[in-house]
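Please work through each task with the structure open before turning to its solution.

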Amino acid sequence: APLPGPDPAFSDGRLENGALTIRFDPHGVARVMDADTGNDLLAAPVEFICLHDESDTWSHGIDRYRWPVRCKGAFGIPVVVDHGPLRTTVRLDGSIGNSPCRLFVSLDRDERAVHLALSTNYQERLSVLKARIAPAAHGKRCHHHVAGGWIDRPAEGREYPVHHALRLETGMGPIGVVMPDTFAADASPEAIRLTLIRNSLNAYHSCGCIHEGGKDQFNANVRVAERFGSDEGPQVVRFSIGFGDMGQEGSLVRLMDRFQRAPHLWDDYRGINRLSGFDVKT
């Protein structure tokens, strides 16, 4: 059957699919625009922000990251990875501080959603990496997907556990995010921030809390100097941003299912006689 809309394509520095137009800059995704009206759907570029993090994996009571920004993701020009009638993807090579990374950005045919995947060998010790998404209009209500359904939570900048999806009601309609590799996020009227990587100190359940002596004791602690962080090394984190109808709860759940659905067909490779593992009966 004929497919709706034009093929997704990349040309003249723009990624388009007939519903959305994406422009790029050193931040990565600089602008997302409605293809029909030309209106910006984001107030600022999507930023990958690395924050200093002096917490540890047993730091109860910390509900937001107040430490300073250490660095931000910086990217080169996009190049086409693949394109076809269903999806077109570009790749931007870059870095986050001392961590090399690649950002993959995709548009599917006739869909108001941007799909991103960040691949990095993360080396920023004692830090948390956030993806900041700023809608064009301020948010009013925040809905988080949790086990069993959706709940309302205040958009007050506090980090909450989230089951792979959230949506923010704004003055220009809903904006939704699906994040299959992420389990926490914070939201304010100005922005959604996803916790992508938390390379914090492993607490090892020590009875001597490193924070009891203040910053001097923190810096003198042998674990700070000698232990690598909890999420150091190769990482791939994916998330999708949906606008309009793709920001509704039903669409976000369907998109989440697309990320997590088991494959319909696979090859159980076992050498030359790889098909011997299958009992095929006619």
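**Exercise 1. Classify Asp186 as buried or exposed, and trace its salt bridge.**

Solution. Asp186 is buried, because its relative accessible area is 6%, where buried means under 20%, exposed over 50% and partly exposed in between, with a 1.4 Å probe and protein chains only. The model is a predicted one, in which local features need pLDDT of at least 70 and side-chain atom pairs count only at pLDDT 80 or more, while totals for chains, interfaces and linings use all residues. Residues are numbered from 1 along each chain as its sequence is written, and side-chain values use heavy atoms, with hydrogens and water left out.

The next step is the partner: the side chains of Asp186 and Lys130 meet in a salt bridge at 2.6 Å, N to O, the criterion being a side-chain nitrogen of Lys or Arg within 4 Å of a carboxyl oxygen of Asp or Glu. Lys130 lies in strand β11 and Asp186 in strand β17, so the pair ties together parts that are 56 residues apart in sequence; strands (E, at least two residues) and helices (H or I, at least four) are DSSP runs numbered from the N terminus.

**Exercise 2. Which salt bridge does Glu159 form, and is Glu159 buried or exposed?**

Solution. Glu159 forms a salt bridge with Lys130, their closest N and O atoms being 2.7 Å apart. The pair links distant parts of the chain, since Glu159 belongs to strand β14 (residues 159-161) and Lys130 to strand β11 (residues 127-133), 29 residues apart. Glu159 counts as buried at 19% relative accessibility, and Lys130 is buried with a relative accessible area of 0%. By the rule given above, the count comes to 19 salt bridges.

**Exercise 3. Describe the geometry of the aromatic pair formed by Phe10 and Phe24.**

Solution. The whole structure holds 3 aromatic pairs, a pair being rings of Phe, Tyr or Trp (its six-membered ring) whose centres lie within 6.5 Å, with planes under 30 degrees apart counted as stacked, over 60 as edge-to-face and the rest as tilted. Phe10 and Phe24 form an edge-to-face pair, 6.3 Å centre to centre and with 65 degrees between the planes. Phe10 lies in strand β1 (residues 9-11) and Phe24 in strand β3 (residues 20-25), so this pair ties together parts that are 14 residues apart in sequence. Phe10 counts as partly exposed at 23% relative accessibility, whereas Phe24 counts as buried at 16%.

The rings of Phe48 and Phe239 have centres 6.2 Å apart and planes at 55 degrees, so that pair is tilted. Phe48 lies in strand β5 (residues 47-52) and Phe239 in strand β19 (residues 233-243), so parts 191 residues apart in sequence are tied together. Phe48, Phe75 and Phe239 form one aromatic cluster.

**Exercise 4. Which residues touch the most other members of the largest nonpolar core?**

Solution. A nonpolar core is a set of buried Ala, Val, Leu, Ile, Met, Phe, Trp, Tyr and Cys residues joined through side-chain atoms within 4.5 Å. The largest has 45 residues, of which Phe48, Val105, Leu118, Leu194, Leu196 and Phe239 touch the most other members. Apart from it lies another core, of 7 residues, among them Ala165, Met246, Leu252 and Met256. Returning to the aromatic residues, Phe48 is buried at a relative accessible area of 2%, and Phe239 is buried at 0%.
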